[in-house]
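Hi,

Here's the structure I promised to pass on. Have a look at it first, and then read my notes below.

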Amino acid sequence: MPLRHRLMRFTLAMTASAPTAACDPGDELGDPLDDLEYSLRDGACNPLLAKCDYRNNFYLGLSEYGIDNLPLVAGSDPDIAITEIRAYQCIGHQGMPVVGDFHVVDPHLSVDDDGNFQAMVFEHVAFPWVRCKVDGQYWLGTDWLITAKADNAVGVSVTVDARLRIADLSVSPGQSTLYQWESDHNYLYGDSSLTWEPTCDEDPDPALDFHAVVYPSLRIDDGTGEFTLDKSTAYLGCTSGLVAKSGYTWGYYAQPPSVHQVMTYAGMASYCGPLGQSYTETGTTIAVWNKTASGPDQLPIDPVTDPLWTPEAAWDASMTAICIGKTRLDTFQPDPGKDFDCGSFSIPPCAEDLLDDPSVMFITYAHN
């Protein structure tokens with residue numbers, strides 16, 4: 001996958017707004033003369049104070065039904081199955097477009113490094129038993145029937161049948177493929193007054209809006225937040241969420257998985273680890289010093305020569321901050337010299353020895 005979207009610009013002292021666990025902002029371009037800052041969606045909803053309607057992740061319908069990890073191999077995941085994919089236009093044996101009702105049952109999918117679903121043979125649903133190929137732009141408009149186990153709004157495990165479609169597909173040379181997926185809420189909830197709705201939260205960048213990026217062989221554990229390589233799955237990352245934002249927009253996906261993983265949770269300001277609270281809100285900017293030698297912004301930020309910034313936190317492979325300087329939101333700033341309380345453990349203040357620790361992968365900086 002490419003390092004970033006063509007409209008986004010990086011500097012070595014990159015700033016970026018970080019989303020929250022519940023309210024998930026998206027990027028929008030700021031002043032074209034300002035190389036240092038991106039500003040994110042302004043919003044009245046503070047996830048630290050109230051339940052927001054925004055969705056960070058990829059959802060079948062309402063926020064209780066999520067399917068971020070999409071199985072590529074039939075039967076590989078006990079919690080989710082793609083039972084059928086339907087196409088209404090495909091490529092016939094003579095290489096010409098064919099219109100009709102075609103499908104594949106219990107598909108085995110593959111995805112390339114740019115997030116493109118690879119060519120697949122479909123069969124006509126009824127006689128005549130014509131075969132054709134779906135590839136490239138012909139994936140646009142395909143319907144996906146999915147069965148998934150999920151927790152509903154009150155925490156009860158249920159099995160849901162969902163119908164998705166690829167409503168938009170953007171393929172550009174040297175760019176990751178962008179998909180806009182929609183969920184048929186009439187099909188999901190049995191309510192004829194409902195219609196198709198985007199599965200991702202809106203990203204205010206008009207080039208990204210409700211889109212998602214497909215990450216091949218990436219599985220993210222819902223319970224631990226751990227990134228693992230799994231060739232039987234792909235991850236559907238909304239551009240309004242941190243996995244795709246750190247990977248697609250900020251440029252960390254093409255790096256080792258640990259780099260993408262840690263940058264995701266550093267962006268969330270999940271000081272206490274991926275299962276903890278996110279200590280940020282919409283419209284908050286950060287700067288990043290990447291110390292991994294993999295990916296963008298690998299130069300240090302000097303608070304002496306650039307007094308706008310001060311160290312916020314240092315991050316290692318644990319996805320937990322190893323020290324806290326100035327918290328991104330003043331509301332959570334510990335008293336001078338005091339540890340940051342994570343309940344079962346605490347995080348010490350950022351002293352020079354911790355910032356210089358060789359295990360540190362990223363140092364994030366907050367506005368003074």
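This is a predicted model: local features need pLDDT of at least 70, side-chain atom pairs count only at pLDDT 80 or more; totals for chains, interfaces and linings use all residues.

Now the overall build. You'll find 4 helices and 20 strands in the protein. Out of its 368 residues, 52% count as buried. If you take the contacts with a separation of 6 or more, 62% of them are between residues 24 or more positions apart.

Next, zoom in on helix H3, which covers residues 257–267. Is this helix mostly covered or mostly open? Mostly covered: 9 of its 11 residues are buried. Among them are Val259, His260, Met263 and Tyr265, and the run of buried residues goes on to Gly267. So what does the covering? Strands S13 (212–220), S14 (227–238), S15 (285–290), S16 (309–315) and S20 (362–367) are included, along with helix H2 (242–249). After H3 comes Ala269, which has a positive phi, near 55°.

The loop between S13 and S14 holds Asp221. Together with Asp79, Asp222 and Glu226, Asp221 forms a negative surface patch. Why does Asp221 count as partly exposed? Because its relative accessibility is 38%, which falls between the 20% limit for buried and the 50% limit for exposed.

Key:
Residues are numbered from 1 along each chain as its sequence is written. Side-chain values use heavy atoms; hydrogens and water are left out. Buried means under 20% relative accessible area, exposed over 50%, partly exposed in between (1.4 Å probe, protein chains only). Helices (H or I, at least four residues) and strands (E, at least two) are DSSP runs, numbered from the N terminus. Contact means heavy atoms within 4.5 Å. Patches are made of residues with over 30% relative accessible area and no salt bridge: like charges are joined within 9 Å, nonpolar side chains (Val, Leu, Ile, Met, Phe, Trp, Tyr) within 5 Å. Accessible areas come from the Shrake-Rupley method with a 1.4 Å probe; for residues, only the protein chains shown count as cover. A salt bridge is a side-chain nitrogen of Lys or Arg within 4 Å of a carboxyl oxygen of Asp or Glu. Lys and Arg count as positive and Asp and Glu as negative; His and the chain ends are not counted. The place of a charge is taken as NZ of Lys, CZ of Arg, CG of Asp or CD of Glu.
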